[in-house]
Amino acid sequence: MEVNRLLESGKSLVDRLSLSIIQPEEERLDVEISAFNLKEAVKSIVTANWGYLITITGLDIPPKVEMDNQAGSPGELEALYHFANENAIITLRVKIPYSNPQIESICDLIPSASLYERELMELFGFDFVNTPNREKLVLPDTWPDEVYPLRKSFTGLADQEKNKEEKK
Amino acid sequence: MAIGVLFGDLLKSLFSKPVTENYPFVKRKAPENLRGKLVYNPEKCIGCMLCVKDCPSNAIEVLIVDIKNKKFVMRYHPDRCVYCAQCVQLCRFNCLSMSNSQWEMASTSKNTFDVYYGREEDIAEILERAARPGIDLPPYGKPRPT
Amino acid sequence: MNLSLHPLILLLIFPGGLFLMNIGLLYEWIDRKLVARYQNRVGPRWFQPLADTIKLLAKEEIIPQGVHKGLFLALPVIAITGALTAAVYVPLFGFRAVYSFEGDLIVVLYLLSMMTLCIGLAGANTLSRFTIVGATRALTQMFSYEAPFLLALLGPAMAAGSWNIGKITAYASNNLWLILAQPIGFVVALVGLMGKLELPPFDAPEAETEIVAGALTEYSGRGLALFRIGKNVEFVVGITLVVLFYLGGIANPIEFILKTAGLLIVITALQSLFARLRIDQTVGLWWRLGALMALLQLLAIIIGKYLGEFLR
Amino acid sequence: MTDSPREKFIVPIGPQHPALKEPGNFEFTVDGEIVTDAAVRLGFVHRGIEKACETRNYTQDLYLLERVCGICSHIHATAFVLGVEKLAGVQAPPRAEAIRVLAAELERIHSHFLWLGVAAHEAGFDTLFMYTWRDREVVMDLLESLSGSRVHYSVNVLGGVKIDLSQKISDQIKKEMDFLEERTHYYMKVVTTDDTFIGRTRGIGKLSKERAELLGGVGPTVRASGVKRDVRVIAPYSGYKDFSIQVITDDEGDLEARFVVRIKELLEAYRFIRVVLDQLPPGELTTRIKRKIPEGEVISRVEAPRGELFYFIQSNGTEMPARVKVRTPSLCNWGTITDVAVGHKLADMPMLLVGIDPCFSCNDRMVEIKSQSTPSHIMSWESLRKYGIEYYK
């Protein structure tokens, strides 16, 4: 099968760096990877010329609170780097905590990633180290700092203001 | 390589009728399955509320007059409606349809955007209930968080 | 035809001044309508240019920051004065020119260039980036079409042996139509006129998709209205000149209407036939092709004249 | 002139600009007429659609996502529906799939015609603009009589399609396809032979194959540079599994090649539509699909008129999706503009901008802008006037 061959070759590129690999669909491969190894993995994909970066998806995994009011798991952000080659898709999944949301930028390898990184920085609060352009892309210039609209905790600017005042 | 390739068409256009439609004065017939204003037939409705639940724009409210005798009034907001016909698709009792004759819905007043469908006596009752202070209208579609 | 009216009336009301402005509006309408018909559209109704002008005149004029106020207000007036003064020396609608003297053709051509100069200045006067780019383009374009256009009108003048518009007209109407005798000159003059009026495809100085409205971007209200009226007057005067020289002159109003209408149909067709030329393409076209063709035409006239004398 | 340090002369195009039909901001640094730098700023029409999706159920999202874009509305809904069906493990009936791709190709025709007109307008070729939009009206009318709406056809429902194709409409479509094919050949002739037009397109904005691949461009923009990237072929979905379509590429990579590619795609679409109409499979239009979609993640890729459209849908087992990520084709193609703009003339910029067929509302969909800290209030005409005068003093 063509897809399998493509996925195999893609897998061999990132295998050594991955934490776990699953195949959720026939033509997809999800590769979990640590933030530290991400750039290395992207580099090996780019140098092998395996497909192209479709986009970077951001996911918000809000902190889970256990029943007895003890913190279950801290909030995490997840970045999904989708690479496509023909009909095969490899997704590099990187999980990082709210407290330290740093990922090495891949713009020097793939210049077009700049737009996706800017988008994630604004909407989720990722921090891409060494990204060339940190200006706002989609939000208005007057948007308050550290308010990330695509996080689950965001329910509107008015609520955000209220929360802030309550904290005070 | 040529200059003025469009010349033939230019001449043709000069001597033919303009294609612009003279809209408010000359109206073209709407296609048969045009999705215009929503029309509701209260006779068949059983009040399953599926249309209310799945309406993407909260344009429909079904007000319950008497649930046992299957008396319902539909309050329809043409200004919110996006004319997707999802409600028509969902309704298993064919009480909903979209008109292909009523589609010019611009208006200068908000009143025309509040349409009540149903038996006359039911509508009268609903309006009377609404006029009475202190009593809310029966529950309709869950208000969306704003 | 000769009119025996008070000079002031001749100058201000008919055929110059007021009447001319209205005819300018009419021509604008015909132009827009014909372009619309070529594009298979309906086009505006007859009063649309008039309504536009009234609307503009009635609107508040905004003077942007950082301009020289006096210049900003004076430029539209100078532009329209230039165009109206030019009209004085041109036999309009088949009537004799109000004033004329030996060499008035040169004066008319210079007065017609005033408009472009004023637009250029108006653009350079404001701080907006669109106007500055527009002004640069307008002046660049002027330097490119002016020479060939002048050469093209020089042809009939040389043939007639006079710089007087009246005399050239007399020559043109008594001889073979010059469009046949000097076809190249006619083409250059016609296209030069389009360049002068910044009609498509030579509308790079006001290319809306690049620089909004070019040099006039910051103008509003009265100033814009005056510029527009001035342009319309220039349109009428320009067309009249071409008709006078190349289409066998104008003896009476009916002839005027027929001949200018014919020319308008051609001009509008040219307008809708081409994609806009970039400013560098415009300059290239004029200097490489326009000037060369006009010079060739001149050469042909000189040789023809010389041969004619020789044979006689 | 001495080489003194000159101030940068920046020509802003947008957010409000006659060249753009939608708001976007471009800043071109120019030296005379030559562009030396280009930058993009988006986000003027943000509506927060991705966030909004999380608070609506799947059916409502379908119509919300259809409104991401007014031109390629159907393809957005298709991408979403295909993803959700994959999650739910449901397969739409073959007739439904065929009708979906039929509508998609009709939409492609109307989108390419629209683009052709806009591009002609940017080139100052208004006559061609008027003619193409006149002919586009034919497709719009077809779509209206097919689906009941001119812009948001809403052909899809979860698990199938809403509309059926009668013999009458089928014949009408075939007839109009013949007419459009003739017109399209004519436009091909115009854009490839008219000297003034070629002067504005040939050799402008050349994008090499390597650059195009590196910048991650999609759709006709990179197909004009010889990159064979078309989801309909490399990863067939929906009806494209049964009906095959050809990839159109060109090697030149300049604006003219983009015209040629798009016009050839039109011709291919006519052929495709005729085949689908002739071999339309009979049968049901919908299958049942549960309201609650099983937990999971799915990627759905489709080929919009502008290029590859990418949807990522995450479900948490409820009636509402946990996350919907939309990556529209226009977003990928911005990089190609800022890359090729440098060195061209200012006059070429609008042409370059529309060369990728940008769709701003497609890009800007993520965040709802609510009133800021200052409460909004309605101003009377007089106070607005005063405010304006004060502001500009």
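Reader: Of the contacts in chain A between residues at least 6 apart in sequence, how many join residues at least 24 apart?
Author: In this predicted model, 55% of those contacts in chain A join residues at least 24 apart.

Reader: And which helices and strands does chain A have?
Author: Chain A contains four helices and nine strands. Starting at the N terminus, their order is α-β-β-α-β-β-β-β-β-β-α-β-α.

Reader: How much of chain A is buried?
Author: Of the 168 residues in chain A, 38% are buried. Along the principal axes, the C-alpha atoms of chain A fill a box of roughly 60 × 40 × 25 Å.

Reader: Let us change topic. How many residues take part where chain A meets chain D?
Author: Chain A contributes 27 residues to that contact and chain D contributes 29.

Reader: Which element supplies the largest share on the side of chain A?
Author: Strand S3(A) does, with six residues. Helix H3 (113–123) and helix H4 (157–167) of chain A are also among the elements that each supply at least two residues there.

Reader: What kinds of residues are they on that side of chain A?
Author: The side of chain A that touches chain D has 18 nonpolar, seven polar and two charged residues.

Reader: What about chain D and chain B, how many residues are in contact there?
Author: In that case, 23 residues of chain D are in contact with 21 residues of chain B.

Reader: Which helix of chain D gives the most to that side?
Author: H5(D) gives the most, with six residues. The side of chain D that touches chain B divides into six nonpolar, 11 polar and six charged residues.

Methods. Residues are numbered from 1 along each chain as its sequence is written. Chains are lettered from A and ligands numbered from 1 in the order in which they are written. This is a predicted model: local features need pLDDT of at least 70, side-chain atom pairs count only at pLDDT 80 or more; totals for chains, interfaces and linings use all residues. A residue is buried if 20 or more other C-beta atoms lie within 10 Å of its own, exposed if 12 or fewer, and partly exposed in between; C-beta atoms are placed from the backbone. Two residues are in contact if their C-beta atoms, placed from the backbone, lie within 7 Å. Ala, Val, Leu, Ile, Met, Phe, Trp, Tyr, Cys and Pro count as nonpolar, Asp, Glu, Lys and Arg as charged, and the others, Gly among them, as polar.
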